[in-house]
Amino acid sequence: TTNARLGDVADVLQGRVPAKTIDTGQGTRFFGIAEISGQEPRSLEAGTDLSRAVYLQTGDIVIALLGDLGKSAMIDDRAAGAVLGRECAALRITQNERLLPSWLHAWTESQDFRQQIARHASGTTMPRVSTRTLADLVLPLPSLSCQQELAAKIGQFDAVLKTTEEMVRNLQELRAAEVNLAIAGARGE
């Protein structure tokens, strides 16, 4: 395993578009801090200045630069083409032969990444980190086969987590139905 400066294996792109979004509409899609947390991309208000916009691509890793500092999301086909919000940065891999998006995303979820972010954050009320600082962070770069192995393991965990979440949702619905049936029965309905 070697180490690499993030800026040497990926471009660190600064979001430039403010989060002026609307809930409905067919406008340009927006990806910011709320979307990192799993919200579907929203639409930007008509007339938003997109002259300096960064458009996301599949495999980009989006990082929150403030708020939930360092929280990340990997862009998939559903969010590709969305505009990057200004409170975020996108990591776009330039060294494809050395680094997989799945490894880069896993690293941004690791304690190693969080500790480096915490060390370099500035500001007390609303800690933030700059794209220049992000570019200087150092990540471990094992062989591609090791990176692929982790991606497969994470995929297995994600599949089980998704199934478990669905099961919990179903059990909650069944529980609510059981309560409503019992109450209705007690009322003689």
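Here is a short exchange about how features of this predicted model get their labels.

Reader: What makes strand β9 largely enclosed?

Author: Strand β9 covers residues 88–93, and six of its six residues are buried, so the rest of the structure largely encloses it. Both faces are covered. C88, A90 and R92 are buried on one side. A89, L91 and I93 are buried on the other.

Reader: Which strands are joined to β9 by bridges, and how do you know that they pair with it?

Author: Five bridges join strand β2 (residues 10–14) to β9. Four bridges join strand β6 (residues 61–64) to β9. Pairing takes at least two bridges, so β2 pairs with β9, and so does β6. β2 and β9 run antiparallel. β6 and β9 run antiparallel too. L91 in β9 is the bridge partner of V12. L91 is also the bridge partner of I61.

Reader: What is the order of strands in this open sheet, and why do β2 and β7 stand at the edges?

Author: The order is β2-β9-β6-β7, with antiparallel pairing. β2 and β7 (72–74) each have a single partner strand, so one side of each is left without a neighbour in the sheet. Neighbouring strands here are turned by 20° against each other on average, direction ignored.

Reader: Which helix lies across β6, β7 and β9?

Author: That is helix α3, residues 101–108. Helix α3 runs at about 165° to β7.

Reader: Why is the contact between R92 and D60 called a salt bridge?

Author: The closest N and O atoms of R92 and D60 are 2.7 Å apart. The limit is 4 Å, so the pair qualifies. The pair links distant parts of the chain. R92 is in strand β9, D60 is in the loop between β5 and β6, and they are 32 residues apart. Both R92 and D60 are buried.

Reader: How many salt bridges does the structure hold?

Author: It holds six. Among them is the one between D8 and R5, at 3.0 Å from N to O. R5, D8 and D136 are linked in a network of salt bridges.

Reader: Why are D8 and R5 called partly exposed?

Author: Partly exposed lies between under 20% for buried and over 50% for exposed. D8 has a relative accessible area of 45%, so it falls in that range. R5 is at 32%, so it does as well.

Reader: Are R78 and D76 exposed or partly exposed?

Author: R78 is at 59%, over the 50% mark, so it counts as exposed. D76 is at 30%, so it is partly exposed. R78 and D76 form a salt bridge, with their closest N and O atoms 2.7 Å apart.

Reader: Which residues make the nonpolar surface patch, and how do you know that L171 can belong to it?

Author: M167, L171 and L174 make the patch, about 330 Å². A patch residue needs over 30% relative accessible area. L171 has 51%, so it passes that cut-off. At that value L171 also counts as exposed. L171 lies in helix α6, residues 144–187.

Notes: Residues numbered from 1 in each chain as written. Predicted model: local features only at pLDDT ≥ 70, side-chain atom pairs only at ≥ 80, totals over all residues. Heavy atoms only, no water. Patch = residues over 30% accessible without salt bridge, like charges linked within 9 Å, V, L, I, M, F, W, Y side chains within 5 Å. Areas by Shrake-Rupley, 256 points an atom, 1.4 Å probe, with all protein chains shown as cover. Salt bridge = Lys/Arg side-chain N within 4 Å of Asp/Glu carboxyl O. Helix = DSSP H or I, 4+ residues; strand = E, 2+ residues; numbered from the N terminus. Buried < 20%, exposed > 50% of the residue type's maximum accessible area, 1.4 Å probe, protein only. Axes fitted to C-alpha atoms, helices over the stretch in contact; angles between N-to-C directions. Contact = heavy atoms within 4.5 Å.
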